[in-house]
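Good morning, and thank you for joining.

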Amino acid sequence: MQTVDLMEWCLKQGWTGDLLDPYHADLGLSGTLRPDQRPDMLRLFDNIDQGIYDHGSVVCYQESRLFRDETQIYYNQFIQKCKDHDIVVIVVSPYTMLYDFRDDFLTEMFRWKCKEAAEFIRRQVKGWMLPARERAAMRGLWAGYGDLPMGYIVDFDSHSSNYKKFVPYDPHADIVRWLFDRYMELGGDEGKLYRELGINPVYFPVFDENLDYRNISKRKLKLSAAGYRIRTRTAVESILTNPHYIGAWTVKGVIVRYDNHEPIVARDVFDFSFNRLSSQTLDGQQKEVEQKAKRYYQQATLQANAENEIKQALLKDRVNSHLGPVYARFKYQRTGARQCIYAISLRTGRRFLVRRGILN
C-alpha cells in the first residue's frame with residue numbers, strides 16, 4: 001500500500017515514469033538488516049557511488065522505511081553519500097519533508113528520526129511486544145510461533161472459552177487419525193507407509209472459504225488443486241511425532257503444558273509412532289540408541305585359472321571370535337598364488353589369520 005501511495009505522490013508532482021527508478025525488492029525485509037542483506041538498499045548505495053543520481057532525489061514513505069539501524073552506522077553512511085553527490089531525501093508521510101544534508105540542522109533531524117525508528121525496535125518490539133507474545137504462548141495461547149499443524153485451527157472468537165487455542169478441524173483431523181492408525185497397522189514400517197502414500201497420495205481438503213485467513217496462511221504443506229498433499233518423508237514424520245495431537249502445547253520446541261487443548265489422537269497410538277520415529281523423548285531428552293552390529297561384505301575377483309573364476313566374500317558370517325563380531329577379508333599374493341583369509345575384530349580392530357593355503 002505504501003508503495004502505491006508513494007508512486008501516486010510522485011506522479012502528482014509531475015514526475016513522469018521515465019524519471020522514476022523504483023527500489024522495491026526489499027519489501028518484507030527488516031530495516032534492521034545491514035545494506036548488504038537488503039538487495040535494493042545495496043543497489044541504491046552502489047548506484048549513488050557510481051554517480052547515477054547526482055543532483056537528484058531519493059523519495060521514501062517515511063524515514064523508518066529506509067533504516068531501523070541500531071548501530072547508527074548505515075544511515076550515517078547514507079547521509080555522507082547523499083551529501084557527496086548532492087542528493088536530497090524527500091519523505092511524504094505524515095507530511096512532506098525535504099532533507100538537504102548540506103544543512104546541519106536537517107541532517108541532525110534525519111539522524112534523530114532514524115534513531116527514533118531504531119529505538120522503537122529496541123523498546124517497543126523487543127522490550128514489550130515479543131515478551132508479551134512469549135508470555136501468551138506460555139499460557140497455552142496461539143501466539144504465531146511456527147506453523148499450524150494440519151488437523152487443527154485456532155479459535156479466534158474472543159467470546160469463546162477456547163479463544164486463541166487449538167480446536168480440531170474435522171476434515172483434516174480424520175486424515176491425521178487415519179495416518180496414525182495406518183502406521184500402526186503396518187507395524188511401524190515407515191517404508192511401506194511412504195510407498196503407499198506415493199502410489200495413493202493423501203490430500204487434506206481445501207479449507208472452508210469462511211474460515212479466518214490466519215488459519216490458512218500458517219501451513220507447512222503446499223496447496224495444489226486437490227488440496228494439501230503430504231509430499232515428503234519429513235512431512236510424514238513431523239505429523240507422526242507432533243505432540244500437539246495428544247493435547248500437549250509446545251513453545252519453541254519444548255512442551256510447557258499437557259491437556260492444553262482437545263487431542264485428536266489417542267495417547268497409545270501416538271506413543272507407538274513417536275517412540276519409533278523420534279530420537280528424543282517427550283521431555284526433550286536424547287534417547288540412548290542401541291548400536292546394531294554392522295556387517296561388512298567384500299567381494300574380490302580372483303584369477304584362479306584361465307576361466308577367470310570369481311570368488312566372493314569367503315567365510316562371511318561364519319567366523320566367530322571371543323573379541324567380538326568379525327568380518328573376513330580375502331588376500332593373496334599374485335606371484336605365488338597364495339591364499340590368505342583374515343578376520344578383523346569390529347570392536348578392537350585386531351586382525352588375525354584364519355586360513356592359509358595354496359590355490360589349486
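Through how many residues does a hairpin join S2 to S3? The hairpin between S2 and S3 has five residues. Please bear in mind that this is a predicted model.

Let me turn to the sheet as a whole. Three strands form an open sheet in the order S1-S2-S3, and the pairing is mixed. Strand S1, residues 57–60, and strand S3, residues 97–99, are the edge strands; each has a single partner strand, so one side of each lacks a neighbour in the sheet. On average, neighbouring strands are turned by 20 degrees against each other, direction ignored.

Next, the pairings themselves. S1 and S2 are parallel and share four bridges; here Ser57 lies opposite Val88 in S2. S2, residues 88–91, and S3 run antiparallel and are joined by three bridges. Within S3, Leu98 is the bridge partner of Ile90, and Tyr99 is the bridge partner of Val89.

Which strands of the sheet does helix H5 touch? Helix H5, residues 104–138, packs on the sheet and touches S2 and S3. The direction of H5 makes about 115 degrees with that of S3.

Finally, the side chains of S2. In a regular strand, side chains alternate between the two faces of the sheet. From S2, Val88 and Ile90 point one way, while Val89 and Val91 point the other way. All four of these residues, Val88, Val89, Ile90 and Val91, are buried.

Thank you for your attention.

Methods:
Residues are numbered from 1 along each chain as its sequence is written. This is a predicted model: local features need pLDDT of at least 70, side-chain atom pairs count only at pLDDT 80 or more; totals for chains, interfaces and linings use all residues. Side-chain values use heavy atoms; hydrogens and water are left out. Two strands pair if DSSP finds at least two bridges between them. Helices (H or I, at least four residues) and strands (E, at least two) are DSSP runs, numbered from the N terminus. Axes are lines fitted to C-alpha atoms, for helices over the stretch in contact, and angles run from 0 to 180 degrees between N-to-C directions. Contact means heavy atoms within 4.5 Å. Buried means under 20% relative accessible area, exposed over 50%, partly exposed in between (1.4 Å probe, protein chains only).
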